[in-house]
Amino acid sequence: MDYFNYKNGKLFAENVDVEEIAAKVGTPVYIYSRATFEDHLRKIQAAYSELDTTICYSVKACGNMNILKFLVEAGSGFDIVSGGELYRVLQAGGNPSKVVYAGVGKTDTEIIEALNAGVAYFNIESEAELENLIQLAKQEVKQPKAALRVNPDVDPKTHTYTTTGKKETKFGVDIERAQKVFADYGKKNFVNLCAIHIHLGSAGHTVEPYVEAIKKVLTLIEELRADGFAIEALDIGGGYGADYVTGTAPAAADYAAAIVPLLKGKNLRLILEPGASIAANAAILVTKVLYLKKGGEKNFVIVDAGMNDLIRPPLYDAFHFIWPVKVADKFGPLQRNEDLRLDDTEVVDVVGPICESADFFAKDRALPPVKRGDLLSIFTAGAYGFSMSSNYNTRGRAAEVLVDGQEFSIIRTRETYEDLTALEQ
Ligand SMILES: *Cc1c(COP(=O)(O)O)cnc(C)c1O
């Protein structure tokens with residue numbers, strides 16, 4: 001569920017009128033709901049409470065420090081993939097003993113920063129990286145813990161670009177090779193290789209791939225333990241479906257119902273790395289209609305947000321429900337349905353101002369009639385929305401606003417021309 005709802009034809013973020021935010025802050029603007037973030041986190045914590053579980057929210061989904069701060073207060077740990085994300089987490093007051101660090105290309109500088117911070121686990125993606133970590137740990141006189149990321153060769157049945165647990169992807173080491181990695185490096189000093197990590201990819205909508213992958217790695221863990229390696233933790237990654245179209249994603253409890261029984265009594269600390277399932281529907285991107293235009297058979301609605309603000313539609317073929325911030329009563333309660341076709345709607349393409357044909361938010365979508373100046377809400381924009389935004393076309397990044405009950409505050413100001421050129425000599 002989320003906290004974006006229509007009351008008398010007007011969209012509210014929690015108890016704040018979205019139109020009021022747009023009037024004060026301008027458009028395009030990302031509007032986050034604190035209650036939605038916290039609700040999702042709490043539900044995951046509750047679903048896995050039977051086990052010794054650490055939830056490590058994936059910072060790359062949506063990493064504004066103000067958001068990380070209240071997630072810290074709510075007990076979250078963090079999954080990071082860069083030195084920059086580590087910096088963010090530490091600035092936000094995150095506890096490094098609840099931080100896991102993944103990524104196929106960690107630099108020496110980043111590794112040393114993470115060694116000094118004392119992250120819980122380095123999630124190791126290759127033998128070469130592990131050798132380098134051993135080297136750097138020796139040099140820094142640290143004894144970090146590491147998890148070997150294994151590639152279970154399971155297909156999460158998602159977009160190719162968000163599939164990460166299949167053999168042909170660049171992530172982790174093949175599961176058949178895992179025992180050799182432990183034999184070669186598992187008993188060396190300096191790095192304590194004592195956990196297994198998997199991450200299947202993003203936007204999966206079924207539990208089965210997790211069950212299949214966990215069964216495979218549990219067999220591996222048994223074999224490793226039999227060989228004398230003390231495996232203390234299993235990190236099952238992220239990728240749990242987020243609700244892009246209401247009601248289509250399994251709830252945290254649905255995943256847990258299948259996953260918890262597999263891990264009960266196994267004497268493993270469980271780590272989860274949810275990103276999208278916490279952040280996706282915790283934000284909307286509000287944009288203003290600039291122009292209406294006909295081209296061939298098409299009706300275009302040209303808005304002031306662009307692919308630099310939200311790149312998921314062209315990059316992942318992602319569906320985002322779009323609806324006016326103010327609607328006539330007859331368009332009824334919000335139904336975030338891909339196939340929504342109400343009477344009196346018009347079929348349009350919603351596009352941005354950027355000089356690329358890939359600059360679109362929706363194609364052949366039914367919308368109530370809109371006119372210049374109207375506000376549109378692009379829903380479920382919280383994950384990989386702002387965090388993937390860029391300055392392409394020398395466009396400042398959108399402002400970010402956090403709503404908390406009746407209140408809202410700007411948590412990142414809109415970038416100015418001066419911001420955009422500040423680092424150019
Ligand atoms: C991106 C990523 C996640 C989060 O994925 P979601 O689909 O947002 O849940 C978790 N773990 C790792 C290693 C990742 O790269």
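Guide: Domain bounds here come from an automatic or database domain assignment. The chain is divided that way into domain 1 (4-32 + 280-424) and domain 2 (34-278). Their centres, taken over C-alpha atoms, are 32 Å apart. This is a predicted model: local features need pLDDT of at least 70, side-chain atom pairs count only at pLDDT 80 or more, and totals for chains, interfaces and linings use all residues. Residues are numbered from 1 along each chain as its sequence is written, and side-chain values use heavy atoms, with hydrogens and water left out.

Visitor: What makes a residue part of the contact, and how many does each domain give?

Guide: Contact means heavy atoms within 4.5 Å. Domain 1 gives 26 residues and domain 2 gives 24.

Visitor: What is the area buried between domain 1 and domain 2?

Guide: Buried area is the accessible area (1.4 Å probe) that two parts lose on being put together, summed over both. For domain 1 and domain 2 that is about 2100 Å². Carbon and sulfur atoms give 57% of it.

Visitor: Why is the pair aspartate 404 and arginine 34 called a salt bridge?

Guide: The rule asks for a side-chain nitrogen of Lys or Arg within 4 Å of a carboxyl oxygen of Asp or Glu. In this pair the closest N and O atoms are 3.6 Å apart, so the pair qualifies. Across the interface of domain 1 and domain 2, the rule finds 1 salt bridge.

Visitor: Which elements give two or more residues to the side of domain 1 that touches domain 2?

Guide: They are α11 (312-316), β20 (399-404) and β21 (407-412). Helices (H or I, at least four residues) and strands (E, at least two) are DSSP runs, numbered from the N terminus. The largest share, 4 residues, comes from β20.
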